[in-house]
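Colleague: I would like to learn how to read a model like this one. Could you take me through a few features?

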Amino acid sequence: MEQNELIVMRDIVKVFPGVVALDHAQLTLHKGEIHALMGENGAGKSTIIKCLTGVYERDAGEVYVQGVEGNVYNHSTEDAQRIGIATVYQEVNLCPNLSVAENLFIGREPVTRLGTIDWRSMNKKAKEIMDGLGIKVDVTVALENYSLAIQQMIAIARAVDMDCKVLILDEPTSSLDDHEVEKLFDVMRDLKKKGVGIIFVTHFLEQVYAVCDRITVMRNGGFVGDYSISELPRVKLVAAMLGKDFDDLASIKPEGDANISPEIMLKAEGLSHKGTVKPFDFEIHKGEVVGVTGLLGSGRSEMVRCIYGADRAQTGKEYMNGKEINIKAPIDAIKKGMAYLPDDRKADGCIGELSVRDNIILALQARNGMFKKVSRAKQIEIADKFIDMLQIKTASRETPLSQLSGGNQQKVILARWLCTHPDFLILDEPTRGIDIGTKTEFQKLILQFAKEGMSVVFISSEIEEMLRTCTRMCVMRDGEKVGEIEGDMTQESVMSAIAGGEK
Amino acid sequence: MDTIKKITKQQLFLPFFCLLLVLLINLIKSPTFFNIGIQNGVLYGRLIDVLNRGSEIAILAVGQTLVVAVSAGTDISVGSVMSLSACGTCMMLAGYGVNSTTQLAVPMGIGILFGILLGGVCGCINGALVAKLKIQPMVATLILFTAARAIGLLLCNNQITYIRYEPYKYLGNFIPGCPIPTAIFVTIAVIIVVSIFLRKTALGLYIQSAGINSRAARISGINSALICFVCYVICGLCAGIAGMVASSRIYSADSNNIGLNYELDAILAVALGGNSLGGGKFNLAGAVVGAYTIQAITTTLLAMGVSTDQAPVIKAIIVVIIVVVQAPTFKEWLSNSEAKRRALAAEGGQKA
């Protein structure tokens with residue numbers, strides 16, 4: 001271990017039942033360095049951090065920490081704290097009803113000779129700590145009176161005061177606004193000067209380039225590379241995260257030519273949802289397939305949820321076939337002919353204990369209303385038709401949905417929407433967790449729907465898939481629609497659009 | 001063997017099995033249990049008694065089943081709401097502040113309708129708290145659990161109001177010329193109306209969808225909150241009807257005693273019927289069978305000479321056994337230990 005290395009993790013393996021979460025991952029953190037840990041969801045960022053902080057125990061691999069002899073095994077977060085590794089999570093893990101000072105010293109309060117808490121010295125010390133970080137707060141006031149940013153800062157202050165050498169910040173900025181983020185960065189830079197090593201996990205590319213010194217990229221539980229910020233421009237970072245090298249990128253043209261009518265199917269103006277998407281405009285023609293691209297967490301799902309009414313839009317207007325429509329809840333969108341296949345199949349799609357048949361007719365029944373029940377015979381007819389058409393593998397149409405495989409569940413949910421004969425279909429990651437053969441089928445289906453005059457919005461993490469099906473793409477970054485690309489789209493152009501302007 | 005397996009796999013198997021078990025024990029202990037005779041022109045016997053006295057629990061269980069399915073919680077106010085409905089009706093029929101009457105102030109139908117609607121209003125309050133304000137069902141219904149009885153007392157001016165008017169007694173007793181207790185008809189009517197409603201509309205599908213995954217149900221266009229609200233209203237109406245029956249039995253409104261502890265029996269009936277208290281799929285028939293099982297246990301104990309004070313203890317023990325037997329964990333444990341035994345036997349065989 002070199003002199004200025006704080007943490008060295010090598011060949012870390014962590015296996016969960018059925019999944020290899022970490023496959024020989026590694027991470028090196030130097031003294032006085034802000035180190036970004038990047039990767040898409042499921043890349044293993046959280047897992048490697050949890051292996052370091054003792055939340056999980058690794059199955060194999062070595063961890064060395066400066067000042068500690070030999071291979072380190074942390075069995076709990078307390079163990080990690082004892083050797084100077086502190087973590088601040090996305091959600092603030094403090095007690096909102098206690099004062100700032102109490103939160104700072106909870107569990108290690110200064111004590112008077114009588115054994116009672118020495119409030120005066122506690123408040124005095126707390127004040128010193130907060131002043132040291134340049135944050136002006138009244139330490140005797142309950143924590144809940146301060147903004148989330150301040151609370152986060154207090155969590156950091158607590159970690160730092162406990163003599164931490166390594167500070168792990170797990171997506172601390174996701175609920176902060178620009179000004180608050182700036183303040184957090186100031187604190188981080190200050191700590192860096194004091195020699196603390198910071199591991200910074202975030203989805204926001206801008207922030208990485210604003211504050212970090214080095215980047216470790218992970219993908220599918222494995223280590224991709226450890227780069228200094230100057231040698232890894234944005235586009236290359238995105239390529240590394242997505243697992244594509246620019247040299248290998250062959251441009252793929254969409255199959256079949258576009259068959260877009262000039263009629264506008266849906267138009268959105270200035271829609272937004274607080275905290276998830278900033279106001280955006282959107283337009284789709286009849287028979288068009290539009291992609292929405294961006295990294296995970298860039299607001300691409302939130303954008304379509306806003307259009308569909310799954311998250312009610314707080315500003316803006318929507319027009320369908322030229323008429324203004326008012327979408328308060330999904331049912332309004334369904335009645336207007338929209339359909340939405342959510343990306344979180346389990347939470348937003350499946351009614352697991354109900355039969356395949358019930359799941360298929362659910363949205364149709366909801367559109368018809370409670371009192372116009374779809375007759376049993378009709379239900380059976382619809383279910384059988386779609387089981388046949390989408391080749392859903394199920395023991396019978398009465399089998400509970402939860403007993404089907406993921407891909408087949410997805411087909412059932414798709415069937416739920418197809419049987420309502422939508423004019424405008426939103427597909428959010430329809431092919432995730434589906435085998436290659438089925439994926440191609442899905443793509444063919446999408447193109448076929450478009451040919452029949454349906455407008456489709458298609459979101460996928462796989463750019464090739466979108467290139468093959470979409471004629472136009474909206475690009476999302478940090479909750480904002482930053483542009484559209486059309487015409488000659490290649491992996492390269494899409495990826496550079498996702499990454500945004502280089503600095 | 002296969003047919004036996006098929007039968008035991010049915011959801012309704014266990015509730016019926018438990019009921020039969022209780023009846024079987026009766027048959028052994030006191031053969032007179034099954035005697036049905038006619039006295040004074042009406043049917044008489046323990047079995048009839050179970051069907052008659054079980055009416056309130058069965059009616060409550062119908063509403064409770066829907067509430068459990070949609071909100072994975074229980075409405076614990078039903079017993080108190082029964083009492084409030086009874087007080088409301090008696091207050092209407094006798095006039096406010098009248099202690100005892102032989103002359104009705106308003107037609108009986110209106111009085112009864114008022115009482116049932118009062119139950120519906122209570123359901124609305126519970127429903128609004130749970131569906132709109134997202135308060136835990138137990139806490140939300142705790143409010144009326146404590147308040148409803150007191151409101152009932154206020155309506156009756158802090159006294160027991162007697163309605164000494166013959167037709168008012170019909171609901172909880174007998175209609176002249178009909179040998180079957182009227183309450184049985186009321187129960188059948190409630191069950192039929194609710195099941196037709198569930199069968200002919202999509203309400204059943206909506207309730208199950210919202211109960212299993214309310215987020216997914218919402219995305220699929222179901223107004224989960226409204227469905228939840230509706231279930232609580234139905235539950236309130238059922239409590240109102242049960243209150244009418246209970247009040248008619250004693251032709252008065254005894255705010256402190258009508259429906260006392262009935263909410264517990266109703267919840268138990270739902271559980272005994274093989275319905276998960278975690279919500280989701282439900283089975284109305286199971287809950288009704290469960291209700292009569294509970295009544296059968298109560299009647300049996302009383303018939304065996306267990307004092308009314310002690311009966312709950314034994315009832316509790318029996319219920320615990322039934323619930324444990326039905327629990328999936330227990331079944332798993334049973335099948336595991338059987339597999340172990342078989343493995344051991346196989347091993348032993350090899351050694352031998």
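Modeller: We will go through the interface, one chain's overall form, and then some single residues. Keep in mind that this is a predicted model.

Colleague: Start with the interface. How many residues of chain A are in contact with chain B?

Modeller: Interface size is often given as the accessible area lost when the parts come together. Here we count residues instead: 25 residues of chain A are in contact with 21 residues of chain B.

Colleague: Which helices of chain A supply at least two residues each to that side?

Modeller: Helix 10 (330-335), helix 11 (345-349) and helix 12 (356-368) of chain A. Helix 12 gives the most, with 6 residues. By class, the side of chain A that touches chain B has 16 nonpolar, 3 polar and 6 charged residues.

Colleague: Now chain B. What does its secondary structure come to?

Modeller: Chain B has 15 helices and 5 strands. A compact globule of 352 residues would have a value near 20 Å, and chain B, with 22 Å, agrees. The C-alpha trace of chain B spans about 85 × 55 × 35 Å along its principal axes.

Colleague: What share of chain B is buried?

Modeller: Buried residues make up 48% of its 352 residues. Look at contact range too. Among contacts in chain B with a separation of 6 or more, 77% join residues 24 or more positions apart.

Colleague: How should I read backbone angles?

Modeller: Most residues other than glycine have a negative phi. A:Glu429 has a positive one, near 50°. B:Asn158 also has a positive phi, near 60°.

Colleague: Which residues is A:Leu94 in contact with, leaving aside neighbours within four places in sequence?

Modeller: A:Asn103, A:Leu143, A:Gln151, A:Ile154 and A:Ala155. As for A:Arg158, its C-alpha is 9.9 Å from that of A:Leu94, and the two are 64 residues apart in sequence.

Definitions and conventions. Residues numbered from 1 in each chain as written. Chains lettered and ligands numbered in written order. Predicted model: local features only at pLDDT ≥ 70, side-chain atom pairs only at ≥ 80, totals over all residues. Contact = placed C-beta atoms within 7 Å. Helix = DSSP H or I, 4+ residues; strand = E, 2+ residues; numbered from the N terminus. Nonpolar A, V, L, I, M, F, W, Y, C, P; charged D, E, K, R; others polar. Rg over C-alpha atoms; globule rule 2.2 N^0.38 Å. Buried ≥ 20, exposed ≤ 12 C-beta atoms within 10 Å, placed from the backbone.
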